[in-house]
Amino acid sequence: MTRDEIILKVSEKMRLIRTEAGYTQDKMAEIIGVSKKTLVQIEKGRAEAGWSTVVAVCALFRETETVRFLFGNEPLEVLETIAREGIDYRKEKTLGGKIWWKELKKDNGFILQQNIISQHYRIIDDEHFRVYSSFDERSATDRFEEVIKEI
(Lines give C-alpha, C1' and ligand atoms only; values in the text may rest on other atoms or scores of the structure.)
Protein backbone atom coordinates (compact mmCIF):
# COMPACT_ATOMS: atom_id res chain seq x y z
CA MET A 1 0.00 0.00 0.00
CA THR A 2 1.32 3.45 -0.91
CA ARG A 3 0.52 6.94 0.31
CA ASP A 4 -1.41 7.61 -2.91
CA GLU A 5 -3.46 4.42 -2.49
CA ILE A 6 -4.34 5.38 1.07
CA ILE A 7 -5.37 8.87 -0.02
CA LEU A 8 -7.58 7.39 -2.74
CA LYS A 9 -9.20 4.81 -0.43
CA VAL A 10 -10.01 7.34 2.29
CA SER A 11 -11.20 9.93 -0.23
CA GLU A 12 -13.55 7.39 -1.81
CA LYS A 13 -14.99 6.48 1.61
CA MET A 14 -15.18 9.97 3.11
CA ARG A 15 -18.97 10.26 2.86
CA LEU A 16 -19.42 6.80 4.38
CA ILE A 17 -17.03 7.61 7.23
CA ARG A 18 -18.88 10.87 7.90
CA THR A 19 -22.34 9.31 7.86
CA GLU A 20 -21.22 6.35 9.98
CA ALA A 21 -19.94 8.84 12.56
CA GLY A 22 -23.24 10.74 12.38
CA TYR A 23 -21.89 14.15 11.34
CA THR A 24 -23.18 16.76 8.95
CA GLN A 25 -20.83 18.03 6.27
CA ASP A 26 -20.40 21.27 8.21
CA LYS A 27 -19.41 19.50 11.42
CA MET A 28 -17.15 16.96 9.67
CA ALA A 29 -15.35 19.72 7.78
CA GLU A 30 -14.78 21.58 11.04
CA ILE A 31 -13.49 18.45 12.80
CA ILE A 32 -10.98 17.48 10.11
CA GLY A 33 -9.90 21.05 9.35
CA VAL A 34 -11.12 21.58 5.77
CA SER A 35 -13.75 23.83 4.29
CA LYS A 36 -17.22 22.45 3.65
CA LYS A 37 -16.65 23.13 -0.05
CA THR A 38 -13.51 20.96 0.00
CA LEU A 39 -15.32 18.17 1.84
CA VAL A 40 -18.16 18.25 -0.70
CA GLN A 41 -15.64 18.03 -3.56
CA ILE A 42 -13.99 15.02 -1.92
CA GLU A 43 -17.31 13.30 -1.25
CA LYS A 44 -18.45 13.83 -4.85
CA GLY A 45 -15.18 12.39 -6.20
CA ARG A 46 -14.11 15.67 -7.79
CA ALA A 47 -11.05 16.00 -5.55
CA GLU A 48 -8.91 13.84 -3.32
CA ALA A 49 -8.13 14.59 0.29
CA GLY A 50 -4.62 15.70 1.13
CA TRP A 51 -2.32 13.53 3.23
CA SER A 52 -2.86 15.60 6.40
CA THR A 53 -6.64 15.34 5.96
CA VAL A 54 -6.38 11.57 5.53
CA VAL A 55 -4.25 11.30 8.67
CA ALA A 56 -6.77 13.41 10.59
CA VAL A 57 -9.72 11.31 9.38
CA CYS A 58 -7.98 8.02 10.20
CA ALA A 59 -6.90 9.22 13.62
CA LEU A 60 -10.18 10.81 14.63
CA PHE A 61 -12.45 8.14 13.13
CA ARG A 62 -10.25 5.07 13.67
CA GLU A 63 -13.05 3.33 15.60
CA THR A 64 -15.50 3.41 12.68
CA GLU A 65 -16.07 0.14 10.87
CA THR A 66 -15.23 1.78 7.55
CA VAL A 67 -11.77 2.96 8.63
CA ARG A 68 -11.05 -0.34 10.40
CA PHE A 69 -12.03 -2.27 7.29
CA LEU A 70 -9.85 -0.11 5.05
CA PHE A 71 -6.75 -0.81 7.15
CA GLY A 72 -7.31 -4.12 8.86
CA ASN A 73 -8.16 -2.66 12.26
CA GLU A 74 -4.84 -0.78 12.55
CA PRO A 75 -5.22 2.54 10.68
CA LEU A 76 -2.63 4.46 12.68
CA GLU A 77 -0.05 1.70 12.33
CA VAL A 78 -0.56 1.65 8.56
CA LEU A 79 -0.26 5.45 8.32
CA GLU A 80 2.83 5.55 10.52
CA THR A 81 4.49 2.78 8.52
CA ILE A 82 3.82 4.60 5.23
CA ALA A 83 4.85 8.00 6.59
CA ARG A 84 8.12 6.69 8.03
CA GLU A 85 8.73 4.11 5.28
CA GLY A 86 9.03 1.16 7.66
CA ILE A 87 10.08 1.68 11.24
CA ASP A 88 11.34 0.13 14.39
CA TYR A 89 8.84 1.12 17.06
CA ARG A 90 9.11 2.11 20.59
CA LYS A 91 7.28 -0.86 22.07
CA GLU A 92 3.54 -0.44 21.68
CA LYS A 93 0.92 -2.87 22.96
CA THR A 94 -1.29 -4.57 20.34
CA LEU A 95 -4.22 -6.95 20.62
CA GLY A 96 -2.03 -9.78 19.34
CA GLY A 97 -3.45 -10.11 15.86
CA LYS A 98 -6.17 -12.67 16.46
CA ILE A 99 -8.52 -11.35 13.76
CA TRP A 100 -6.80 -9.17 11.17
CA TRP A 101 -3.41 -10.87 11.07
CA LYS A 102 -1.87 -13.96 9.53
CA GLU A 103 1.04 -15.48 11.43
CA LEU A 104 4.01 -16.07 9.11
CA LYS A 105 6.79 -17.05 11.52
CA LYS A 106 7.13 -17.59 15.23
CA ASP A 107 10.46 -18.02 16.98
CA ASN A 108 12.19 -17.15 20.24
CA GLY A 109 9.19 -15.24 21.63
CA PHE A 110 8.57 -13.14 18.51
CA ILE A 111 5.92 -13.42 15.80
CA LEU A 112 6.08 -12.11 12.23
CA GLN A 113 2.58 -11.30 11.02
CA GLN A 114 0.95 -9.92 7.87
CA ASN A 115 -2.25 -7.88 7.94
CA ILE A 116 -4.90 -9.55 5.77
CA ILE A 117 -6.36 -6.21 4.60
CA SER A 118 -3.47 -3.76 4.23
CA GLN A 119 -0.89 -6.52 3.59
CA HIS A 120 1.73 -4.82 5.76
CA TYR A 121 4.02 -6.79 8.06
CA ARG A 122 4.80 -6.43 11.73
CA ILE A 123 6.79 -8.14 14.43
CA ILE A 124 5.32 -8.51 17.90
CA ASP A 125 6.78 -10.06 21.01
CA ASP A 126 5.16 -12.74 23.19
CA GLU A 127 3.35 -10.05 25.21
CA HIS A 128 1.88 -8.57 22.00
CA PHE A 129 4.05 -5.47 21.94
CA ARG A 130 4.80 -4.30 18.41
CA VAL A 131 8.50 -3.83 17.75
CA TYR A 132 8.63 -3.37 13.97
CA SER A 133 6.37 -2.69 11.00
CA SER A 134 6.93 -2.42 7.24
CA PHE A 135 5.23 -2.90 3.89
CA ASP A 136 8.39 -4.53 2.56
CA GLU A 137 8.38 -8.31 3.09
CA ARG A 138 12.13 -8.65 2.73
CA SER A 139 12.94 -5.98 5.33
CA ALA A 140 10.34 -7.44 7.71
CA THR A 141 11.80 -10.93 7.31
CA ASP A 142 15.36 -9.63 7.73
CA ARG A 143 14.40 -7.67 10.83
CA PHE A 144 12.62 -10.74 12.25
CA GLU A 145 15.80 -12.79 11.84
CA GLU A 146 17.81 -10.04 13.58
CA VAL A 147 15.34 -9.76 16.46
CA ILE A 148 15.20 -13.48 17.20
CA LYS A 149 19.01 -13.63 17.30
CA GLU A 150 19.31 -10.64 19.65
CA ILE A 151 17.79 -12.54 22.57
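Buried here means under 20% relative accessible area, with exposed over 50% and partly exposed in between (1.4 Å probe, protein chains only). An α-helix has 3.6 residues a turn, so residues three or four places apart point the same way.

A word on ground rules. This is a predicted model, so local features need pLDDT of at least 70 and side-chain atom pairs count only at pLDDT 80 or more, while totals for chains, interfaces and linings use all residues. Residues are numbered from 1 along each chain as its sequence is written, and side-chain values use heavy atoms, with hydrogens and water left out.

**The overall layout**

The chain has 8 helices and 5 strands. Helices (H or I, at least four residues) and strands (E, at least two) are DSSP runs, numbered from the N terminus. Reading from that end, the order is α-α-α-α-α-α-α-β-β-β-β-β-α. The C-alpha trace spans about 55 × 25 × 25 Å along its principal axes. Of the 151 residues, 45% are buried. Contact means heavy atoms within 4.5 Å; among contacts with a separation of 6 or more, 55% are between residues 24 or more positions apart.

**Two cores**

A nonpolar core is a set of buried Ala, Val, Leu, Ile, Met, Phe, Trp, Tyr and Cys residues joined through side-chain atoms within 4.5 Å. The largest one has 23 residues, and those with the most contacts inside it are Ile-6, Val-10, Met-14, Ile-32, Val-54 and Phe-71. Helices α1 (3-12), α2 (14-21), α3 (25-32), α4 (36-43), α5 (51-60), α6 (65-71) and α7 (75-84) each put in at least two residues. The largest share, 4 residues, comes from α5. There's also a second, separate core of 10 residues, including Leu-112, Tyr-121, Ile-123 and Val-147.

If you leave out residues up to four places away in sequence, Ile-32 touches Met-14, Leu-39, Thr-53, Ala-56, Val-57 and Phe-61. Just after this helix, Gly-33 takes a positive phi of about 80°.

Helix α4 can be read in a similar way. Leu-39, Val-40, Ile-42 and Glu-43 are buried there. Their arc is only 160° around the axis, which puts them on the same side of α4. These buried residues pack against α1, α2 and α3. Glu-43 has a relative accessible area of 11% and therefore counts as buried. Its contacts, not counting residues up to four places away in sequence, are Met-14, Arg-15, Arg-18 and Gln-25. Gly-45 follows α4, with a positive phi near 80°.

**How α5 meets α7**

These two pack at an angle of about 155°, with their axes 9 Å apart. Axes are lines fitted to C-alpha atoms, for helices over the stretch in contact, and angles run from 0 to 180 degrees between N-to-C directions. The pair is therefore roughly antiparallel, a label for angles over 145 degrees. On the α5 side, Trp-51, Val-54, Val-55, Cys-58 and Ala-59 meet Pro-75, Leu-76, Leu-79, Ile-82 and Ala-83 of α7.

Thr-66 sits in helix α6, where its contacts, leaving aside neighbours within four places in sequence, are Lys-13, Leu-16, Ile-17 and Glu-20. Asn-108 lies in the loop between β2 (101-107) and β3 (110-115), and has a positive phi near 55° without being a glycine. His-128 is in the loop between β4 (121-125) and β5 (129-134); it isn't a glycine either, yet has a positive phi of about 70°. His-128 and Ile-111 are 17 residues apart in sequence and 8.8 Å apart in space, C-alpha to C-alpha.

| Residue | Relative accessibility | Class |
|---|---|---|
| Thr-66 | 10% | buried |
| Asn-108 | 39% | partly exposed |
| His-128 | 23% | partly exposed |

Methods: The arc is that of the directions from the helix axis to the C-beta atoms. Angles under 35 degrees count as roughly parallel, over 145 as roughly antiparallel, 65 to 115 as roughly perpendicular and the rest as oblique.
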